[in-house]
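Work through the exercises below with the sequence and the structure at hand. Each task is followed by a solution in steps.

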Amino acid sequence: MKLLRMDKVEKRYQDFTLQCSMEVEEGYITGLIGANGAGKSTAFKAVLGLIHIDGGNIEILGKNQRNFTTQDKEGLGVVLAESSFNGMLTIKDAAAVMDAMFHKFKKKRFFDKCSQYGLPVEKPLKDFSTGMYAKFKLLAAMSHEAKLLILDEPTVGLDSVARKELLDEMRQYMEEEGRAILISSHISPDLEGLCDDLYFIRAGKIQFHEDTDVILSDYAILKVSSKQYEELDKRYIDYQRQEVFGYTLLTKQKQFYLDNYRGIAVEKGNIDDILLMMSKGEKA
C-alpha cells in the first residue's frame with residue numbers, strides 16, 4: 001500500500017516552481033535528497049497542506065489530501081526543520097498538549113524514551129541544546145503511533161553520535177508493520193544506511209529515483225583518459241564530466257565495464273558521487 005502519493009504536484013513562486021511526483025510505500029523508508037533550495041521543504045509543506053498547490057494531486061494514507069480530516073492527521077508524525085514548539089514549554093507541558101491532541105498518545109512510553117536520552121522534563125525547551133531538541137522533536141513525532149513519519153532534516157546540526165541515536169530510533173519505529181518514513185537530509189551517508197529508496201530533487205524537479213541497494217551495487221564512477229574515452233562503449237554512460245586527466249563518468253552498469261575494460265578505474269558509486277555528477281556533469 002502507498003502511504004503517500006504525489007502525482008504531478010506543482011507549486012509556483014515568482015522565482016521557483018516545484019514539479020514533483022513521488023511515492024512512499026508501506027514498510028519503506030524513503031529519502032528525499034538535494035541541495036539547499038532544491039525544493040525538499042516545499043514538497044513537505046505541500047504534503048502537509050501548509051501551502052496551497054497549483055496543480056496535481058496528493059494522497060496520504062490512501063485518502064485524497066483535500067478530504068483529510070483532523071482525525072486523519074493523527075496518522076502523521078511530523079518533524080519540520082523550520083517549525084518548533086513554544087520555547088517556554090517544558091517536556092511535561094508538551095506532553096500534556098499532545099495528550100489532548102492525539103487519541104493514541106503513549107504518554108508513559110514517551111517519558112520513558114525521554115528518560116533514556118537524558119532529556120530534562122521540567123527544563124524549558126528554549127534551553128535545550130541542538131541535539132536534545134532534535135531528539136525531543138523526533139520522540140514527539142513517534143509518540144502517537146503515526147503510520148507515516150514526515151521528517152525534514154531531523155538530524156541537521158547533530159554530531160555523529162546523536163545522529164546515530166536518532167537513526168536507530170527510526171529503524172526501531174519501522175519494526176512494526178504498516179508504517180513508513182519520508183525523510184530529507186543533506187547528510188548522504190545517513191540515508192545510504194537507512195533508506196530503502198531515494199529521490200533526488202534539483203530546482204524543484206525530481207531528477208532521479210532508485211532503490212538504495214541498486215545504487216550501492218550497480219552504480220559506479222569511471223575515470224578514464226582521453227584515449228580510453230574515445231575507445232569506450234558509451235551506451236551505459238549516464239553523465240560525464242571532462243577533467244584534466246580525461247573524463248569522469250557515471251554508469252548504472254558497473255559490471256559491464258568491469259568485465260570489458262580491465263584497464264580503466266572503476267570506483268564504487270555512492271550517493272554523493274551520483275549527486276555531484278548529476279549536478280555538475282553533462283548528460284551523456
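This is a predicted model: local features need pLDDT of at least 70, side-chain atom pairs count only at pLDDT 80 or more; totals for chains, interfaces and linings use all residues.

**Exercise 1. The whole protein**

Task: State how many helices and strands the protein has, and what share of its residues counts as buried.

Solution: Begin with the secondary structure, which comes to 10 helices and 15 strands. Next take the extent: the C-alpha trace spans about 70 × 40 × 35 Å along its principal axes. Then turn to burial, where 47% of the 284 residues count as buried. Last, consider the contacts between residues at least 6 apart in sequence: 68% of them join residues at least 24 apart.

**Exercise 2. The faces of helix α5**

Task: Find which residues of α5 are buried, and which exposed residues are on the face turned away from its buried side.

Solution: Step one is the helix itself. α5 covers residues 160-173, has 14 residues, and reaches 20 Å from its first C-alpha to its last, close to the 20 Å expected at 1.5 Å a residue. At its start, a side-chain oxygen of Asp159 comes to within 3.2 Å of the backbone nitrogen of Val161.

Step two is burial. The buried residues of α5 are Ala162, Arg163, Leu166, Leu167, Glu169, Met170 and Tyr173. Viewed down the helix axis they fall within an arc of 150°, so they line one face of α5. The background is that an α-helix has 3.6 residues a turn, so residues three or four places apart point the same way. Ser160, Val161 and Lys164 are the exposed residues on the face turned away from the buried side.

Step three is the surroundings. The buried residues of α5 pack against the helices α3 (107-116), α4 (130-141) and α6 (188-194), and against the strands β7 (148-152) and β8 (180-184).

**Exercise 3. The pair α4 and α5**

Task: Decide how α4 is oriented relative to α5, and name the residues that make the contact.

Solution: The two axes come within 11 Å and cross at roughly 5°. An angle under 35 degrees counts as roughly parallel, and therefore α4 is roughly parallel to α5. The contact is made by Ala134, Lys135, Leu138 and Leu139 of α4 together with Ala162, Glu165, Leu166, Glu169 and Met170 of α5.

**Exercise 4. Two charged residues, Glu169 and Arg179**

Task: Classify Glu169 and Arg179 as buried or exposed, and list their contacts beyond four places in sequence.

Solution: Glu169 lies in α5. Its relative accessibility is 5%, so Glu169 counts as buried. Its contacts beyond four places in sequence are Lys113, Gln116, Tyr117, Leu138, Leu139 and Met142.

Arg179 is placed in the loop between α5 and β8. With 12% relative accessibility, Arg179 also counts as buried. Its side chain reaches the backbone oxygen of Tyr173 at 2.9 Å. Contacts of Arg179 beyond four places in sequence include Leu3, Glu26, Gly27, Tyr28 and Glu145.

**Exercise 5. Ser226**

Task: Which residues does Ser226 contact, leaving aside its neighbours within four places in sequence?

Solution: Ser226 lies in helix α8 (residues 226-231). Its relative accessible area is 40%, so Ser226 is partly exposed. The contacts are Phe245, Gly246 and Tyr247. Ser226 and Tyr247 are 21 residues apart along the chain, and their C-alpha atoms are separated by 6.7 Å.

Methods:
Residues are numbered from 1 along each chain as its sequence is written. Side-chain values use heavy atoms; hydrogens and water are left out. Helices (H or I, at least four residues) and strands (E, at least two) are DSSP runs, numbered from the N terminus. The expected span of a helix is 1.5 Å times one less than its number of residues. Buried means under 20% relative accessible area, exposed over 50%, partly exposed in between (1.4 Å probe, protein chains only). The arc is that of the directions from the helix axis to the C-beta atoms. Contact means heavy atoms within 4.5 Å. A polar contact is a pair of N or O atoms within 3.5 Å; within protein, one must be able to donate a hydrogen and the other to accept it, and residues adjacent in sequence count only if both atoms are side-chain atoms. Axes are lines fitted to C-alpha atoms, for helices over the stretch in contact, and angles run from 0 to 180 degrees between N-to-C directions. Angles under 35 degrees count as roughly parallel, over 145 as roughly antiparallel, 65 to 115 as roughly perpendicular and the rest as oblique.
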